[in-house]
Amino acid sequence: MTTTTPLPLVEQFQLGLDAPICLTWELTYACNLSCVHCLSSSGRRDPRELTTAECKAVIDELERMQVFYVNIGGGEPTVRPDFWELVDYATEHHVGVKFSTNGVKITPAVAQRLAASDYVDVQISLDGATAEVNDAVRGTGSYATALLAMQNLADAGFRGFKISVVMTRQNVAQLDQFKAIADRFDAQLRITRLRPSGRGADVWDELHPTAAQQRELYDWLVARGESVLTGDSFFHLSGFGDGAGDSLPGLNLCGAGRVVCLIDPVGDVYACPFAIHDNFLAGNVRSAGGFTGVWRESDLFADLRRPQTGGACTSCSAFDSCRGGCMAAKFFTGLPLDGPDPECVRGNAESALLQVAAGSAPKPSLDHSHRSRPVALTLTTRRAPVSDCNENPLAGFSPSAG
Amino acid sequence: MACAVSTEASPSSSAPGRSFDLDAAWQLHPQVSVRPERFGALLYHFGTRRLSFLKSPQLLAVVGSLAEQRSARTACVSAGVAVAEMPAYQAALSTLAESAMICERST
């Protein structure tokens, strides 16, 4: 009904909604893994973690705000002793749950339970189609753990669970293999963009896809259409499009603080899961107004919902499609927020990146990494292990109707 | 009931848009939740885990009244949809039916 719409949806969303469409909720910083690119620098539990009662109060708010579902992550969320209690509480209160896991707790019994619920979806994180590529990033044995979890889900009859892959320089060439794994388990492939967030900043230069790989990735996605989910995370690649129908499905919009946000394990609310930094901290759910107050009244979110300037990008012919790319990717690579994305497909970030002084890019405000780093890496990465933290809150959205 | 409850998105199952039967009785799918917004509404299907948008308040009025109306056509008429707009509404409803956001009901 575009004829009666005063503004296109994308512009409506840029002005923000009274409640997020969905949000990411990292339930714990605790994780059995130490993935090198963990966007939340997870590992150790934070003693200030929200209690069970506090989590339930947040769920009550989400129900009142009619947030359809939450993307639960971590850390490894299933290691929280009250994880299943919280999942049940959410679904009983009409808040759907999609949770990301490395698979460590997905036993046959758990898989049976998950297969029986329409209101719970599961994403198993896998960053290599082979153990060699995966374990170099996620830690020794993590490939076997993930594959066992997938087998358990498939055996339990859980069709259509998600296999969630962060695209790196090492695994772009494995796209077809990932798809084959998903098909084998009757699962759906979901690929998302690597961000220089959390520990990801330390490995960004080595792991982010090359310019040629970005093109390969774009062409592969366009050919697959909606059969592969992306969490809408590759909108920075839409500058490859010629505007003649070869575009990526999805909103192609940065929803940070406008239609999505992050609640971290201690209740801090950030604009997006990839922006755990004081500059993007809007408030805490423990404050008097709760999550609702933060979402509706924070100065930061009000700022993000104002019309943004494209800055140096405004004169670029691709600006209408990529909108300058990812705020978090720019921030953590030391680039100005109103300039090009570090992976700008037109190459417009190259000179700006050269001007960023070594070591001057902002550091994450928090680090819950394990203090010892026992896993030896075999590929080009230099730090040890991750969580399943590749959460984009627009996961699985398919704005198809209307 | 033509509603297949599935845990998978199935974009490939779509039927040609013109085949939507305006004179049949329809309803919102029981697993779909509706959130009114200033531009129209957000729809979320808990079975297929897909999100859709109703891009006008008038379309929301049509969808919201489907269950009480004899047919999709009467739902449109009672929501004030002009004859000239009917094809656009038929197309929108067809898209919603293809993604199982609405389904036929047995009267």
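Let me begin with pLDDT, which is the predictor's confidence in each residue, from 0 to 100. Chain A averages a pLDDT of 89, and 90% of its residues score at least 70. This is a predicted model, in which local features need pLDDT of at least 70 and side-chain atom pairs count only at pLDDT 80 or more, whereas totals for chains, interfaces and linings use all residues. Residues are numbered from 1 along each chain as its sequence is written, while chains are lettered from A and ligands numbered from 1 in the order in which they are written.

Where is the confidence low? Over residues 1–5 of chain A, pLDDT stays under 50, and the model has 13 contacts beyond four places in sequence for them. A contact here requires that the C-beta atoms of two residues, placed from the backbone, lie within 7 Å. Residues 381–390 of chain A also stay under 50, with 61 such contacts. Where pLDDT is low, the predicted coordinates should not be read in detail.

I turn to the helices. Helices are DSSP runs of H or I with at least four residues, strands are runs of E with at least two, and both are numbered from the N terminus. Axes are lines fitted to C-alpha atoms, for helices over the stretch in contact, and angles run from 0 to 180 degrees between N-to-C directions.

In chain A, helix α5 (residues 131–138) packs against helix α6 (residues 142–155) at about 110°, their axes 8 Å apart. The two are therefore roughly perpendicular, a term covering 65 to 115 degrees; under 35 counts as roughly parallel, over 145 as roughly antiparallel, and the rest as oblique. From α5(A), A:A131, A:N134, A:D135 and A:R138 meet A:S142, A:Y143 and A:A144 of α6(A).

Helix α4 (residues 108–115) of chain A also packs with α6(A), at about 50° and with axes 8 Å apart. That makes α4(A) oblique to α6(A). In this contact, A:P108, A:A111 and A:L114 of α4(A) meet A:N152, A:L153 and A:D155 of α6(A).

Finally, chain B. Its secondary structure comprises three helices and five strands, running β-β-β-β-α-α-α-β from the N terminus. Of contacts in chain B with a separation of 6 or more, 59% join residues 24 or more positions apart.
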